[in-house]
Amino acid sequence: MFGAIPTRPLFEIEKRLLSREGQWLVRTREIPELGPYRSRLEAVEGLYRHVVICTGSLRKQEPEQARKFVEHSIAECKEPGCQLCSDLLALAPDSRVVQLKA
Ligand SMILES: [Zn+2]
C-alpha cells in the first residue's frame, strides 16, 4: 500500500529501535522516544506509521485507506493476506511475531 517508503535507506530500522525494560522505543527526528511498544514488530509499525504520516504520504491515499492504516495494529490484525502486515514483516523479517491471529 505504501510500498515506496520502506526501501529507502533513511528508514534505518536498526539504528532507530531501542529496547528498554522489555519494551521497545523508536527514535525519530520529531519524537525522540516514540512508544513504548510491547514488541519489536509493533515498534517497526510505529516507526512506519510515523514516517508515512510525517512524509505526507497519507494525504495521497483514499480516506478509507488512510483510516485503515492509522488504526492498523499488527498485533491485532486478523485480515487474511493483509498487505500492511506483509509489508511490516518484510521490514522486520527477524522479528518474532506476537500476533493474535487464529
Ligand atoms: Zn494487517
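Author: First, two terms. pLDDT is the predictor's confidence in each residue, from 0 to 100. Helices (H or I, at least four residues) and strands (E, at least two) are DSSP runs, numbered from the N terminus. This is a predicted model: local features need pLDDT of at least 70, side-chain atom pairs count only at pLDDT 80 or more, and totals for chains, interfaces and linings use all residues. Residues are numbered from 1 along each chain as its sequence is written, and side-chain values use heavy atoms, with hydrogens and water left out.

Reader: Which element of the protein has the highest mean pLDDT?

Author: The protein averages a pLDDT of 83, and 80% of the residues score at least 70. Among the elements, helix H1 (residues 13-16) has the lowest mean, 85. The highest mean, 96, belongs to strand E3 (residues 34-37).

Reader: Where does pLDDT stay under 50, and how many contacts beyond four places in sequence does the model have there?

Author: Contact means heavy atoms within 4.5 Å. The stretch under 50 is residues 98-102. Beyond four places in sequence, the model's contacts for residues 98-102 number 11.

Reader: Which residues are the protein donors of the zinc ion?

Author: Donors are N, O and S atoms within 2.8 Å of the metal (3.2 Å for Na, K and Ca); water is not among the atoms, so sites may look incomplete. Here the donors lie 2.1 to 2.3 Å from the zinc ion. Their spacing along the chain is H-x4-C-x4-C-x2-C. They are His72 (NE2), Cys77 (SG), Cys82 (SG) and Cys85 (SG).

Reader: What arrangement do the 4 donor atoms make around the zinc ion?

Author: Four donors count as tetrahedral if all angles lie between 85 and 135 degrees; four count as square planar and six as octahedral if opposite donors are over 155 degrees apart and all others between 65 and 115; anything else is irregular. The angles here are 102 to 114 degrees, so the arrangement is tetrahedral.

Reader: Is Cys85 buried or exposed?

Author: Buried means under 20% relative accessible area, exposed over 50%, partly exposed in between (1.4 Å probe, protein chains only). Cys77 has 9% relative accessibility, so Cys77 counts as buried. Cys82 is buried too. At a relative accessible area of 3%, Cys85 is buried.

Reader: How many disulfides does a search of the whole structure find?

Author: A disulfide is a pair of cysteine sulfur atoms within 2.5 Å. The search covers the whole structure, and the count is 0.

Reader: How many bridges join strand E1 to strand E2?

Author: Two strands pair if DSSP finds at least two bridges between them. E1 (residues 17-20) and E2 (residues 23-26) run antiparallel. Leu18 partners Leu25, and Arg20 stands opposite Gln23. The bridges between E1 and E2 number 4.

Reader: Which residue in the turn of the hairpin has a positive phi?

Author: The hairpin of E1 and E2 has 2 residues between the strands.

Reader: Which residue in E3 stands opposite Val26?

Author: E2 and E3 run antiparallel, joined by 2 bridges. Opposite Val26 stands Leu34.

Reader: What kind of peptide bond joins Gly35 and Pro36?

Author: Pro36 is found in strand E3. Omega is about 5 degrees, and the bond is cis.

Reader: Which residues is His50 in contact with, leaving aside its neighbours within four places in sequence?

Author: His50 lies in helix H2 (residues 40-54). With 11% relative accessibility, His50 counts as buried. Its contacts are Thr28, Glu30, Ile31 and Leu34.
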